[in-house]
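Please take a look at the structure shown here before reading on. The briefing below goes through its chains and the contact between them, topic by topic.

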Amino acid sequence: MRRSGREAEGATTGEAVIVAATPESELELLERAKRRDHFAFGVLMGRYQKKVFAFAYGFCQNREDAMEIVQETFLRMYEKLDLYRREYSLQSWIYRLAHNLCIDHYRRHKRRLRMVSNVDCWDGIDASLPESAEAEEDQSQMQALVQLQLGRLSDKQKTVFVLKHQQGMKLEEIAGVLGVSLGTVKTLHHRALQNIKKGVRRDIDRGG
Amino acid sequence: MRTCKIGKKKLALAAAGELSLPESEALQDHLRSCPECRGEMAQWQRLLRAAARRGDKNRQAAESIDWDGFQQSIIERIRRREAAENDIQPFRRRLLWRPVAATLAAAAVFVVIFFHFRPAPLPRAGGSGFDLPPGTIETMENSMARQEILGYLSQSQMVLTDLLETCDEGAPDAGAWETRLHARKARDMLLKKKYCNDYLEQLPFSKAKSLCDQIDFLFSEVAQLPPTERCAVINHLQEMTRRENLLLKIRLLEKDLSYSPATPAMEV
C-alpha cells in the first residue's frame, strides 16, 4: 500500500526514529519499500545513511564526494529493491552498492582524488616527522600517513581495511559485502596491513 | 633486522584482533619477554589506532550532516523520477508501437507497389497458360504437316526413280541383294506413310492424300516382291508409274506445297 506524501515526509522526523527502533521490522520495511512506500524507505535510509557515509568518506577522503556516493547508493538501492534477496544481509547489500559506486567514482576521478589525497594527508606533517611521530606518537600525523597509504591500496584492499578498521565490521561480513570467500578477505586484509605499514615506514624514513 | 622468530603476520593479526584466544594468550606471554616484538606490536597498535581514530572522525563528520534534509532530497528525487516514469510510460508505449506500425505501413506500401508495377500477366487461353493469336495453332500444324508430307514425297521420288532404273530391257534380272534393298526401302516408305497418315487425314491435304495412297500401293507391292520373276512384277509397277505420271505429280505437288505454305494443297 502506498502511503500519502505527508506520511512519507514523516520518515525524516521522529516517526522514523520510532520505527527504526524496532529491529525485527526491517524485512517488513523492506517489503513496503518494494511496494514503493517512501516512508518505509526513508526509515531504512535512516538506519544506514551514516554508516554508508563513513565508509564512503573513508574510501574517497572527500566529504562532497562521499555525500554524492551516499545519495547514489540509496537511489540505486531504491531502484534495485526487487533484486534484493533475503538470504543476504541488508547491510552487506547496501555496503556492496556503496563499494561499487566508490570504485566507479574513484576511477572516474582518479587523478583528482590522488592529488587531493596527497595534499590533504601531508598537511600539518613537518620535516621532523620521524622523531616527532616516535617520540610524541602524534596520532594526527599517523592518521595522515595511514590515510595516505590507504589511498595507494587496491580497491578491494582499501575496502577491506576501511570496513574492518574504520567501520568495525568482521571479516565474515566483509566477505559478504565483497561477494568473495573468507580466505580471500583474510588475504586482502593481511596485504592491506602489510602495505600500509610498509608505506608508512617508507614515508617516515624518507622524511628523516 | 628482526631476529625474533615470531612472524610479522601474527603481530599484525593480533593488533587487528584476528587471533584466536589461545593464540592471543601465547603471544602475550611472548611479548612480556621479547622487547623486539613488543616494539613491533606497539607500532602496529599505533598504526591501527590511528586508522580507527580516522574512522571515528569520519563518523563524527557524519554527525554534522543534515540527514533529515538529505532524506527529504532523496525522497523528492525518487518522487520526481517516478512521476517522470509515469508520464513517460504512455509515451514509451507509443514508442513501442511506433516501429511496429512503421513496419506494417512499409509492408503495405511494398505490397501496393509490387502489385501495381509488376509486369502484366499473359492472358490465359483455354487453360493452357498461353494465349496465341487466333489461327496460330492451325498455321503451325499445317506447316508441320506440310513439311512431313514434303519429306515423304521427296523420298518417294528417289525410291521410285531407283525402281524405274531396275530391270531395264538390256539388263539381266535384278540380283537378290538389289530386290532386298528395294523391298527394305519400300518398307521404310510404308512406315513413313503411316506416320503421315494423320496429317493426310486433314481436310487441307485431302487431295495430296490420293497421290500418297497410290505411291503407298506401289511400295506395298515392292515390299512383297516374289522370290521369282521379280523383274516381271517390277516392270509392271514401272508401267503403272509411267502411266499415272506419278513422278510428275509428285514434283507438282512438292512445288505446290513448297510455294503455297499458307494454302492447302491443290488437287493434283
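**Briefing on a predicted model**

Chain A contains twelve helices and zero strands, where helices (H or I, at least four residues) and strands (E, at least two) are DSSP runs numbered from the N terminus. This is a predicted model, in which local features need pLDDT of at least 70 and side-chain atom pairs count only at pLDDT 80 or more, while totals for chains, interfaces and linings use all residues. Residues are numbered from 1 along each chain as its sequence is written, chains are lettered from A and ligands numbered from 1 in the order in which they are written, and side-chain values use heavy atoms, with hydrogens and water left out.

**Chain A**

- Of the 208 residues of chain A, 53% count as buried, a term that stands for under 20% relative accessible area, with exposed meaning over 50% and partly exposed in between (1.4 Å probe, protein chains only).
- Among the contacts in chain A (heavy atoms within 4.5 Å) that link residues at least 6 apart in sequence, 65% join residues at least 24 apart.

**Where chains A and B meet**

- Chain B brings 40 residues to the contact and chain A brings 49 residues.
- About 4200 Å² is buried between chain B and chain A, and carbon and sulfur atoms give 59% of this area, which is the accessible area (1.4 Å probe) that two parts lose on being put together, summed over both.
- The rule finds five salt bridges across this interface, each being a side-chain nitrogen of Lys or Arg within 4 Å of a carboxyl oxygen of Asp or Glu; among them, A:K197 pairs with B:E40 at 3.0 Å, N to O.
- On the side of chain B that touches chain A, α1 (8-15), α3 (35-63) and α4 (67-117) of chain B each supply at least two residues, and the largest share, 19 residues, comes from α3(B).

**Two helices of chain B**

- Helix α3 of chain B holds B:W44, which counts as buried because its relative accessibility is 0%.
- B:W44 and B:A12 lie 32 residues apart in sequence, and their C-alpha atoms are 6.2 Å apart in space.
- Helix α8 of chain B (residues 230-244) has 15 residues and should span 21 Å at 1.5 Å a residue, which agrees with the 21 Å between its end C-alpha atoms; the expected span is 1.5 Å times one less than the number of residues.
- Buried residues in α8(B) include B:R230, B:C231, B:I234 and B:L237, and α8(B) is followed by B:N245, whose phi is positive, near 55 degrees.
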